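Hi,

Here is the structure I promised to pass on. Have a look at it first, and my notes follow below.

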Amino acid sequence: MRWSGRQFEFQFPRPALVLGILNVTPDSFSDGGLYLDPGRAVERAHRLVAEGADLIDVGGESTRPGAAPVDEREELARVVPVVERLCRELKVPVSIDTRKPAVAERCLDLGVAVVNDIGANREDPAMWRIVARHRAGYVAMHMQGDPRTMQVSPEYGEVVDEVAGFLGGRLRKIEESGVTLDQVVLDPGIGFGKSLEHNLALLAHIHRYRRLGRPVLLGVSRKSFLGRVLGTVEGERLPGALACSVWAASQGVELFRTHDVAPTVQALRTLEAVSASSRPAS
Ligand code: HH2
């Protein structure tokens, strides 16, 4: 299987890919306010690449539960100065985490290679046409509702099948808009309109999404459900995130979006070393 867009191409099977998160927002749930200054943001991106990030995912709008939407001008003002420099300076592809077609288009003009779209549940094909025109990589993520209200009382008949049905349906719509399937990665959207039980069920059955025929991306980094598993809302969430990532990688998941690049890369490389030397039991 191949994932390609613009200037990049990844062929699977291969070691799992790690997307380093760079939020240039005042209010992201974990790194909000840390990288609003473009110089600090660029420095952080270089550091994440040195730690082993295969792509850098830049976001200018927090989509944490309850977050208010950011208008287009503000989002552009946050991301453009950073994206401009990263596209010139980094050797790895840059991804833009946005729901807005105009933000995606401006960033693609600056050299971004991937659009990471948490708003793939919209009914307007404008974003997909832009992705098609630029032949960009595209991440289609599942979300129930929108960030403002998505965690109020998420409900599903059967969450694993419903999310799979949604992602399968999106693949058809995306293709109709002129995007080739080689450009697309699928993401079940951990924490986006999901209770703790929903998140755990999606993780337990994560291999289900690989049957859709596209690489799968997982984003669990520092998310609150990790604290709830342990009965604490606050606190260190890295061990839980690493456990989920190693589990998902063992089930064949190909891409991981994380704030904690170095430990994630180390955990994945260790799993891959063990898998490579495993033999069928005699
Ligand atoms: N999670 C977040 C943002 N973008 N994109 C994908 N594809 N998958 C995810 O799970 C995902 C995502 C939320 O995390 P973060 O960017 O750290 O926080 P915030 O939205 O508050 O900026």
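The largest cavity has a volume of about 60 Å³. Keep in mind that this is a predicted model. Counting cavities of 30 Å³ or more gives 2.

So what lines the largest cavity? You'll find L218, V220, S221, A241, S245, F256, R257, T258 and T264 there. By type, the lining splits into 4 nonpolar, 4 polar and 1 charged residue. Two elements, α9 (238-250) and β10 (255-258), each contribute at least two residues to that lining. The largest share belongs to β10, with 3 residues.

Now for the ligand. The space taken by the ligand is the largest pocket. There are 18 residues around the ligand, and S28, S62, T63, D187 and K223 are the closest. That shell is made up of 6 nonpolar, 7 polar and 5 charged residues.

- K223: an N or O atom of the side chain is 2.7 Å from a ligand oxygen.
- N23: a polar side-chain atom sits 3.1 Å from an oxygen atom of the ligand.
- R257: a polar side-chain atom lies 2.8 Å from a ligand oxygen.

As for cover, the ligand on its own would expose 480 Å², and the protein buries 98% of that.

Cheers

Key
Residues numbered from 1 in each chain as written. Predicted model: local features only at pLDDT ≥ 70, side-chain atom pairs only at ≥ 80, totals over all residues. Heavy atoms only, no water. Near = heavy atom within 4 Å. Polar contact = N/O pair within 3.5 Å; in protein donor to acceptor, adjacent residues only side chain to side chain. Areas by Shrake-Rupley, 256 points an atom, 1.4 Å probe, with all protein chains shown as cover. 1 Å grid on protein atoms, 1.4 Å probe; cavity = no way out; pocket = protein on both sides within 12 Å on 5 of 7 lines; lining within 4 Å. Sits in = over half its atoms within 2 Å of the grid points. Nonpolar A, V, L, I, M, F, W, Y, C, P; charged D, E, K, R; others polar. Points joined across faces, edges and corners; volume = space filled by probe spheres on them. Helix = DSSP H or I, 4+ residues; strand = E, 2+ residues; numbered from the N terminus.
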